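Visitor: Could you walk me through this one? I'd like to start with the surface and then move on to the helices and the rings.

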Amino acid sequence: MRLSAKWFMWFTAIGVYVMFLGGIFYYNLFKWTFDEKLKQESIDMVRLYAPTLIEGLGRNQQVLSMPEFDIMTRFSKDDRVASCVFLNKYGEVRWYKDAGFITKTFDEFVKEVGVPTDAIEQAWLAKTPIVRAVPNMPLYDIAIPLALRGDVLGILNLQVSREGVVRVINKAMHKYAVGAVGVLLLLGIPLYFFLHHFVLNPILNLRDAIESVSFKNLELKFPARGDEIGELAAVVNIFLSKVKAEIANAMVKEKQRGLAETRWWESILRAVVSKNHKAIVVDEDNSVLY
């Protein structure tokens, strides 16, 4: 596999891995941020009208006043509020979207309608707003106690939908994905240019230079470089110089051996061949040695 293909695979794999980890981090960050904002906005919305509600509870525990009725109507028309229940300190329903439940006890309400969590009971005991996630549903069960000088006069229970938050999170994650891919491309293009221009091309040029080395001079024609590729070319050039020196040394030794062999044959033939005769010495390839 070529270096460019390996680089592309590694860069893509690392990029996807980093995007995945970043996606998990940002998803949880967005979820925490927007969920907390939704919870706090719901609690602040009730606290804004709490004085009016507490005043109405102080006047009459059973019957809503007109300002209270307007507030409850406003809550019920809010797109984020899936359900709203207003209880007095006796545990009786003061307001619900189904008027038939008004004045019923909390136990009767639970039997017929049900409550998804224990937020109401915990808010009554703790005298502080309690938020519970509704299992298997995109809802928060928020119970806000309405207290006056430490005495709980009533409980307002809201089931707030998370659908808007989910849409916002999905939109934010979509933007994150687009941005992450954009950053990956912005990083990848310069890095690939660097790899191609400063690594792959010099390696290919070095390969061509090695392929074009002549056995006559054994010289590597490659421009000097100050990086690792230049060091590799220098090492190859040193190797070729050593080979050239070895070849020259071998040729000198061969020449010396040939001269010694010639003198040896000359001495032998002078001893065994008379002056009136001639002799030829050939090797196994029928080449004339002497």
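**Surface, helix and rings**

Guide: This is a predicted model, and on its surface Trp10, Ile14, Tyr17, Val18, Phe20, Leu21 and Ile24 make a nonpolar patch of about 780 Å².

Visitor: Where does isoleucine 14 sit?

Guide: Isoleucine 14 belongs to helix α1, and because its relative accessibility is 46%, it counts as partly exposed.

Visitor: OK, how many residues does α1 have?

Guide: Helix α1 runs over residues 3-59 and has 57 residues, and from its first C-alpha to its last it reaches 82 Å, which is close to the 84 Å expected at 1.5 Å a residue.

Visitor: And where is the kink in α1?

Guide: The kink, of about 55°, lies at alanine 50, shortly before proline 51.

Visitor: Switching to rings: how many aromatic pairs are there in the whole structure?

Guide: A search of the whole structure finds twelve aromatic pairs. In one of them, tryptophan 7 and tyrosine 192 have ring centres 5.5 Å apart and planes at 50°, so the pair is tilted. That pair links distant parts of the chain, with tryptophan 7 in helix α1 and tyrosine 192 in helix α5, 185 residues apart.

Visitor: What about phenylalanine 101 and phenylalanine 109, how is that pair arranged?

Guide: Phenylalanine 101 and phenylalanine 109 are edge-to-face, at 5.7 Å centre to centre with 85° between the planes, and both residues are buried, whereas tyrosine 192 is partly exposed at a relative accessible area of 35%.

Visitor: Which residues do ring pairs link into a cluster?

Guide: Phe25, Tyr26, Phe30, Phe34 and Tyr176 are linked into a cluster by ring pairs.

Methods: Residues numbered from 1 in each chain as written. Predicted model: local features only at pLDDT ≥ 70, side-chain atom pairs only at ≥ 80, totals over all residues. Heavy atoms only, no water. Helix = DSSP H or I, 4+ residues; strand = E, 2+ residues; numbered from the N terminus. Expected span 1.5 Å × (residues − 1). Bend = angle between axes of the 7 residues up to and from the residue. Patch = residues over 30% accessible without salt bridge, like charges linked within 9 Å, V, L, I, M, F, W, Y side chains within 5 Å. Areas by Shrake-Rupley, 256 points an atom, 1.4 Å probe, with all protein chains shown as cover. Salt bridge = Lys/Arg side-chain N within 4 Å of Asp/Glu carboxyl O. Buried < 20%, exposed > 50% of the residue type's maximum accessible area, 1.4 Å probe, protein only. Phe/Tyr/Trp six-rings, centres within 6.5 Å; stacked < 30°, edge-to-face > 60°.
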